[in-house]
Amino acid sequence: MPRGQAVLDELVDLLDLEQLEVNLFRGVSPPHSPTRVFGGQVAGQALVAAGRTVPADRQVHSLHAYFIRPGDPRVPIVYETERVRDGRSFTTRRVLAIQHGEAIFSLSASFQLEQHGLEHTEPMPAGVPDPESLPDLGQRIAAGGEGGWLSEIPRPLDVRVVGEPVWSSNRPGASDEPVRVWMRADGTLPDDRLLHVCLLTYASDLTLLGSVVARHDMSSAQVQMASLDHAMWFHQPFRADEWLLYECYSPAASGGRGLATGRFYTTDGRLIASTMQEGLVRLPRDSA
């Protein structure tokens, strides 16, 4: 089995939560983790906990979440799901992630019975290089480049950055251009629509906050960053094991916080998901 598929299978297992009781689930972190739980992991697991209590004919269309405390990767996370509402068209769930008796993360998600209506979409940006023409993260590192914090953890996703990454000291300087990254699951996923959505939720936290730093003449290694809240809207069906372009842009930063927006496009130009996140972006001298 290719290494990429093996690592991807580990992520799929990570998202396959253990059910402890009705509405109560438990998840773990990978053995090789940063000092705190990766935000995309807890968001993806929380969405799994919500989805496991929803009828299969209803798909998630939005989520809103807050990162409350840093997660401890050494101990399991308990996910407590509240069945807020089961309507004729929409289903609402709230999930609280708990460690050491305290909430570390909260999520609200809405699911909808498939319906038809008006359709339009923002066009995909033009002139973006094909993903196959760009080096993956491993090739960048092998060529003497920098991998940032992503080089310290298993990589279940094939991530290909357009231009110089925000974590690189070789960045040409501040830019008002969006950060663009091609990504896909590094292998083949089962035909489970909820799994694809949860994996995209995991992926959405990887590069989004870096767009705040991209507008300044520094690298992400020079600042302290942490997600504060996160929102996603899912517009159309997609597969997370096919190439998706993630375009991220920061419209504002102040008070030690930065706002970032993101859009996911398929290779044929469909806008399939939108994201928004505010995060802590603190200069070292402000960290006391």
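Which residues does Ser250 touch, not counting residues up to four places away in sequence? Select Ser250 and display its surroundings: Ser211, Val212, Arg215, Leu259 and Ala260 are in contact with this serine, contact meaning heavy atoms within 4.5 Å.

The model is predicted, so local features need pLDDT of at least 70 and side-chain atom pairs count only at pLDDT 80 or more, while totals for chains, interfaces and linings use all residues. Residues are numbered from 1 along each chain as its sequence is written, and side-chain values use heavy atoms, with hydrogens and water left out.

**Around Ser250**

Ser250 belongs to strand S10 (residues 244-254); helices (H or I, at least four residues) and strands (E, at least two) are DSSP runs, numbered from the N terminus. Ser250 has a relative accessible area of 3% and is therefore buried. Buried means under 20% relative accessible area, exposed over 50%, and partly exposed in between (1.4 Å probe, protein chains only). Next, show the backbone oxygen of Leu259, which lies 2.7 Å from a polar atom of the Ser250 side chain. The backbone oxygen of Ala252 lies 3.4 Å from a polar atom of that side chain.

**The nonpolar core**

Now select Val42, Tyr79, Phe105, Leu200, Phe234 and Phe264, the residues with the most contacts inside the largest nonpolar core, which has 67 residues. Such a core is a set of buried Ala, Val, Leu, Ile, Met, Phe, Trp, Tyr and Cys residues joined through side-chain atoms within 4.5 Å. Helix H4 (residues 193-207) supplies the largest share of this core, eight residues. Apart from this core lies another, of seven residues, including Val128, Trp243, Tyr265 and Leu271.

**Helix H2**

Select residues 39-51, which form helix H2. Is this helix enclosed or open? Because 13 of its 13 residues are buried, H2 is largely enclosed by the rest of the structure.

**Salt bridges**

Side chains of opposite charge can pair when their charged atoms come close. The whole structure holds 16 salt bridges, each a side-chain nitrogen of Lys or Arg within 4 Å of a carboxyl oxygen of Asp or Glu. Select Asp72 and Arg74, whose closest N and O atoms are 2.9 Å apart. Asp72 is buried at 12% relative accessible area, whereas Arg74, at 74%, counts as exposed. Move on to Asp86 and Arg93, joined by a salt bridge of 2.9 Å, N to O; Arg93 is buried, with a relative accessible area of 0%. Finish at Glu132, Asp158, Arg160 and Arg184, which are linked in a network of salt bridges.

Note on methods:
A polar contact is a pair of N or O atoms within 3.5 Å; within protein, one must be able to donate a hydrogen and the other to accept it, and residues adjacent in sequence count only if both atoms are side-chain atoms. The expected span of a helix is 1.5 Å times one less than its number of residues.
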